[in-house]
Amino acid sequence: MLAFLVLLTKAIPLKRRFILMAMELCAMFLLIADRYCYIYRGDISDLGYWMVRICNFAVYLMTLFILVIFNLYLGNLCLNEVGLKVLPKRMRVAHLLAAVDFIILVIGIPGGLFFTIDEQNRYQRAEGFFISYIIPLVIHLLLLTVIWQYRNRLTKGVRLSLILFTGVPFFASLGQIYAYGLSLTNITLVGLVVLLYIFSLHDMNNAVEHAKELEINVLKEEQKNAEMVFEQTAEALASAIDAKDKYTHGHSRRVAEYSRAIAKASGKNEKECREIYYTALLHDVGKIGVADRIINKEGKLTKEEFDCIKEHPVIGKRILSSISKLPYLSIGANYHHERYDGKGYPEGLKGEDIPTIARIIAVADAYDAMSSKRSYRDPLPQQKVREELVKGMGTQFDPLFAKEMLHLIDVDTEYEMKEREEVSQLEGRNELKFEEFRSSVSEGILLTPNSTLIRLRVKEDASDKKSGKHKLPGILLFDSLDARTHISDNKKDEMLYLEYAELWPDGRHTCIGARKVEPGKIEDRSAYTDIDRTKDDDYVIEAVKYDDHVRVKIISENDARSFIVALQDSSRYAYLGIMGEHCTIIINELTKSDEEIKDGEIPRIAERISYINVPEGDIPNIQVDGWRTAATDGIRVTDGLNITFHTMSLPTARLVWHCPSLSFFSSLDGHVNGKGYRELCLIRMDGESWETDDNVDDTIQANKSDDFEGWEKWKAKNKQGLDCSVLIRMKDNKIIVTTENSGISIRNDMVINGTVDDIYVSLTGDQCALTNIKIKQT
């Protein structure tokens with residue numbers, strides 16, 4: 001059977017296959033001959049007479065043949081696997097010894113050299129019995145030296161099988177001398193012949209698997225390279241498209257990133273997200289066919305010019321349709337200007353008739369248009385962008401994907417998702433040129449509990465060098481919806497602009513809108529070696545904000561100053577702008593620390609503005625200065641749980657979503673962000689909710705009663721303060737939340753798929769104070 005299997009095993013080279021097959025056949029004849037020796041032992045019939053003699057001769061002969069064939073097998077390995085061009089002389093000597101042994105065997109057996117047959121027709125060892133073992137053992141030792149010499153060039157499995165084949169029979173033969181009547185050598189030899197095939201097959205299978213692996217890796221690498229080429233081509237094409245419009249630099253890439261984020265948030269898989277990314281990257285490819293004078297026109301477009309602009313989706317479809325293997329590319333290009341209410345172009349599709357990929361891109365495209373600079377305006381503040389998206393839900397945008405974009409905005413507390421001008425990045429070779437004092441200020445750098453480090457160099461203008469004046473860089477701390485400074489009163493009101501203080505490296509300062517500024521001189525500069533100057537830096541600035549305080553350190557060659565600024569309250573942002581006078585400031589480096597500072601690291605110079613210094617209910621009051629910056633401990637959810645509390649929006653609150661929220665979660669210790677924390681759903685008191693877990697199905701209904709007087713009145717009532725009551729019903733894996741406030745009636749149905757041990761609810765929100773929180777069971 002093994003000989004037959006060897007013949008069919010195509011993984012083994014043909015010549016080696018025939019060698020192994022011959023070895024298996026010899027082993028077969030050895031077993032047959034050995035067996036018949038015992039069967040006819042003592043049989044004095046004519047048949048018995050011949051069978052005992054022939055079979056004992058065959059045993060000696062097959063043992064020798066197996067050794068000769070093994071030598072051929074080893075030679076094949078040496079030539080093909082080890083890589084030898086000429087076989088070692090020891091192997092030829094082994095063949096010669098085998099030939100000598102064969103001659104001795106043919107001559108010696110009839111003469112009774114190795115064994116005799118007695119009158120009872122039984123095998124008996126003769127005096128020359130030991131001679132039959134000497135030559136085979138020498139051959140084994142010769143071949144073993146060859147195997148050992150080239151062992152490192154053989155695979156582990158093959159090496160082991162060869163060593164066993166040459167080593168084990170040696171010890172078996174020694175045992176055979178004393179184990180008379182037991183075919184120890186024959187059994188061992190046959191077993192090792194079988195192992196040779198198994199190890200050879202295993203080795204070839206491994207080689208085939210390795211070859212397949214290499215082939216797969218090559219194919220993967222080719223696919224990766226093809227994808228990289230496609231990606232680079234797509235990005236190059238997108239850059240070429242954006243280059244046609246001086247106000248849309250990087251637009252395609254940003255839309256692609258936003259689209260992928262929306263797709264991922266809405267549950268699309270990795271492949272779908274990737275397709276959406278590349279589709280969004282090329283969504284404006286049709287602008288190649290629109291005249292540059294129309295795209296870059298400063299004023300309002302005429303009807304004819306706008307009609308030309310409206311042709312770009314069709315042009316894009318025509319261009320991308322030629323990529324037949326990626327049909328989704330042309331779909332995105334053709335339909336991304338369709339509106340959910342059917343008032344879009346080019347085909348006026350409505351609702352879900354618009355392809356999903358185009359509905360996603362439409363939201364991302366609109367968001368980037370609003371958050372980017374245009375010829376007639378600066379980027380819109382994040383809050384205004386959000387309000388526009390809310391207004392467009394169900395009309396311009398698919399409500400589902402607009403809602404996901406709103407969630408991305410809510411968690412983007414530092415407004416990172418917007419166009420960034422090169423100068424605003426303040427890195428590397430960026431230069432800021434200043435004429436008269438306060439003639440310009442850099443775009444603001446948002447200060448957070450993660451320290452911001454700025455290294456800069458100052459170049460004075462030639463006129464100031466002649467006058468002997470040395471101009472210092474200045475720092476302006478301010479807050480603004482668009483992170484920019486403003487001069488006109490109208491713009492200041494629109495952007496809720498507020499300046500806190502001006503700070504200078506020589507210790508001068510001006511307190512403008514801050515509660516207090518406390519300057520200081522750093523005497524022990526060794527404590528600040530981590531922020532010390534290098535030879536390329538004239539000044540190093542470190543700034544950090546914690547709660548309602550900002551600390552700024554300015555280190556120069558001969559001086560080191562620190563400033564602590566107490567802001568109006570902890571809910572406002574603080575931006576750092578760089579200013580100067582008759583000089584050019586070169587920003588060498590801008591970095592932000594990965595670690596947040598801890599409470600108390602900035603010495604407090606003014607009392608904290610608190611809106612929760614009132615009696616507490618069942619759990620402590622909380623003041624939420626920003627998006628979910630504070631939260632109550634978890635309250636275990638049970639059927640009939642009733643939570644009442646008083647809410648008041650902070651003075652800086654100005655938007656609908658500056659209100660309380662309910663966070664449903666599970667954790668091992670009942671704490672928000674505690675061990676094993678897993679948020680399930682977030683419900684806002686303005687009637688929006690978010691599924692934050694893939695295993696949760698959430699449906700919210702927000703209805704306006706006759707008591708609802710509009711969102712402006714609703715915000716005003718929240719500013720004044722109002723009492724809220726939340727009722728939670730729970731049955732099995734379903735949680736129903738109902739509440740009503742100022743004419744907004746909310747019912748949220750949450751179904752949890754899977755097993756969750758304990759569910760908790762926590763009060764949180766954005767720019768609101770929550771007090772008198774009481775918990776009861778109804």
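Modeller: Here is a walk through the sheet, from its strand order to the helix lying across it.

First, some ground rules: this is a predicted model, so local features need pLDDT of at least 70 and side-chain atom pairs count only at pLDDT 80 or more, while totals for chains, interfaces and linings use all residues. Residues are numbered from 1 along each chain as its sequence is written, and side-chain values use heavy atoms, with hydrogens and water left out.

Now the sheet: it's an open one of seven strands, and going across you meet E15-E26-E17-E22-E23-E24-E21, with antiparallel pairing. The labels are DSSP runs numbered from the N terminus (helices are H or I, at least four residues; strands are E, at least two), and two strands pair if DSSP finds at least two bridges between them. At the edges sit strand E15 (622-624) and strand E21 (696-704), each of which pairs on one side only. From one strand to the next, the twist averages 20°; axes here are lines fitted to C-alpha atoms, for helices over the stretch in contact, and angles between N-to-C directions run from 0 to 180 degrees.

Zoom in on strand E17 (residues 641-649) and you'll find eight bridges linking it, antiparallel, to strand E26 (residues 768-777). In that pairing, Leu641 stands opposite Gln777 in E26.

E17 also has a helix across it: H20 (residues 711-720) runs at about 95° to E17. H20 lies across E21, strand E22 (722-731), strand E23 (734-741) and strand E24 (744-752) as well, where contact means heavy atoms within 4.5 Å.
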